[in-house]
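Let's take a walk through a protein model together. Have the sequence and the 3D view open, and follow along as we go from one spot to the next.

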Amino acid sequence: MGSSTSDKVFDALETFRIELPSWGFANTGTRFGKFIQPAAATTTEEKFSDSGQVHLLTGVCPTVALHVLWDCPEGVQSTDDIKRFAGRYGVAPGSINPNLFQDQEYKYGSFGNPDESVRQRAMRHTKDSIEIARRLNSRDISFWFADGSNYPGTANIRQRKQWFMEGLKIAHQQLSPDQRMLVEYKPFEPAFYHTDIADWGMALVLARAAGQQAKVLVDTGHHYAAQNIEQIVAWLLSENMLGGFHFNDRRYADDDLTMGSIDPYQVFRIFHEIHFFEWETGQHADIAYMVDQSHNLKGKIEAMIQTVTMAQQLFAKAALVDMKKLATAQKNCNLVEAESALQDAFATDVRPAIQEWRESKGLPKDPMEAFRQSGYLERITKERSVKNSHNVSSYA
Ligand code: RM4
Ligand code: MN
Ligand code: MN
């Protein structure tokens, strides 16, 4: 490997950080049930402990995303506990995710519910979530709405859009100047006929209407098969509206599989659009890279280490694209040359350079191996297995 290749890999890794989801360490399942893991995290503290392990071994996951309902059972009062966990386990709270889908009241929606008192309840929870974020010094409040309908004719789509516009605008007014609102979209599930924020265009319209600090969040699992996600990314970048990602992979629907497990080239192409944007404009793309996965069958911490390793590899590979060559080839419509610029970078084995980078940072060369040697899994399995034998209730 040429030294310029490893320089590029080092440069790319220097800035790349990825946020872990607290719920990725808990028992999760499908609508058919859960398979309980004896080592799964059963409390917010355990989720911090597990993410702390991943950060300790990889060095690139300094924050953990929190879901208010699952991680802040006392609402705003939970923030003191969370600060303690953050100090104890060496990971800071990251994006704050309001939960506007699980309470019985949200059966017909939250911001889009025809019942005004439910919309108000959703707003109260939203304001609490923004306050939680403020107390925790979290920059991003990340909104995913399950709102929608299951049958044609049962919902007033335009009216609901209006309610969303109003709700997000009010929420935006609560933000501190350094906070951001991220608006996620999803084409279906749990609603099966229409979802109120079904795609990136709808999220963009709502984010623009909400205010300057609102951006779009791209969850890679929230697209129809064959959709060109990197094009969406390129458009959002050029509109200065890309706020962050929820990474996961999919084969059929919102499968929440390990990042890059099905289609690593797609993730590479997404990262390429970001690198290309930065190269061409000289601007830094201020994007929150986050994981949103549900490891029903894999060991949770191992799956997370695997994810982070994959993310680093694909980000580094994308940094190897010869941009000058690419730009010239594009200009001259030299198709094979242009495409090869991507393919050559994708085919490069960056693993040795990544190992060198880890060593230069005093990190284990192989985080997975280091985790297996650490004894951590054996310890938490012992500590948590009894608790896990009767922890099957909520999603995470
Ligand atoms: C949704 C969406 C949200 C996540 C929940 C658990 O499908 O991806 O971001 O918080 O799942
Ligand atoms: Mn998501
Ligand atoms: Mn999802």
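**Around the ligand**

Start at ligand 1, which has H67, W144, E184, K186, D219, H222, H246, D254 and D292 around it. Keep in mind that you're looking at a predicted model. What kinds of residues make up this shell around ligand 1? They split into 1 nonpolar, 3 polar and 5 charged.

Now zoom in on a few of those side chains. K186 places a polar side-chain atom 3.0 Å from an oxygen atom of ligand 1. D219 does something along those lines, with a polar side-chain atom 3.1 Å from an oxygen atom of ligand 1. For D254, an N or O atom of the side chain is 3.1 Å from an oxygen atom of the ligand. And how much of ligand 1 does the protein bury? Taken alone, ligand 1 exposes 290 Å², and the protein buries 94% of that.

The manganese ion called ligand 3 is coordinated by H222 through NE2 and by D254 through OD, at 2.2 to 2.3 Å. This pair links distant parts of the chain, 32 residues apart: H222 is in the loop between β10 (214–219) and α8 (229–238), while D254 is in the loop between β11 (242–247) and α9. There's another manganese ion to find, ligand 2, and 4.0 Å separate it from ligand 3.

Next, let's look for empty space. Rolling a probe the size of a water molecule over the atoms shows where such space is left. The structure holds 1 cavity of 30 Å³ or more, and the largest cavity has a volume of about 30 Å³.

Most residues other than glycine have a negative phi, and most peptide bonds are trans. N137 is not a glycine, yet it has a positive phi of about 60 degrees; look for it in the loop between α5 (116–135) and β6 (140–143). Between E189 and P190 the peptide bond is cis, with omega about 5 degrees. You'll find P190 in the loop between β8 (180–184) and β9 (194–195).

Definitions and conventions
Residues numbered from 1 in each chain as written. Chains lettered and ligands numbered in written order. Predicted model: local features only at pLDDT ≥ 70, side-chain atom pairs only at ≥ 80, totals over all residues. Heavy atoms only, no water. Near = heavy atom within 4 Å. Polar contact = N/O pair within 3.5 Å; in protein donor to acceptor, adjacent residues only side chain to side chain. Areas by Shrake-Rupley, 256 points an atom, 1.4 Å probe, with all protein chains shown as cover. Nonpolar A, V, L, I, M, F, W, Y, C, P; charged D, E, K, R; others polar. Donors = N, O, S within 2.8 Å, 3.2 Å for Na, K, Ca; no water. Helix = DSSP H or I, 4+ residues; strand = E, 2+ residues; numbered from the N terminus. 1 Å grid on protein atoms, 1.4 Å probe; cavity = no way out; pocket = protein on both sides within 12 Å on 5 of 7 lines; lining within 4 Å. Points joined across faces, edges and corners; volume = space filled by probe spheres on them.
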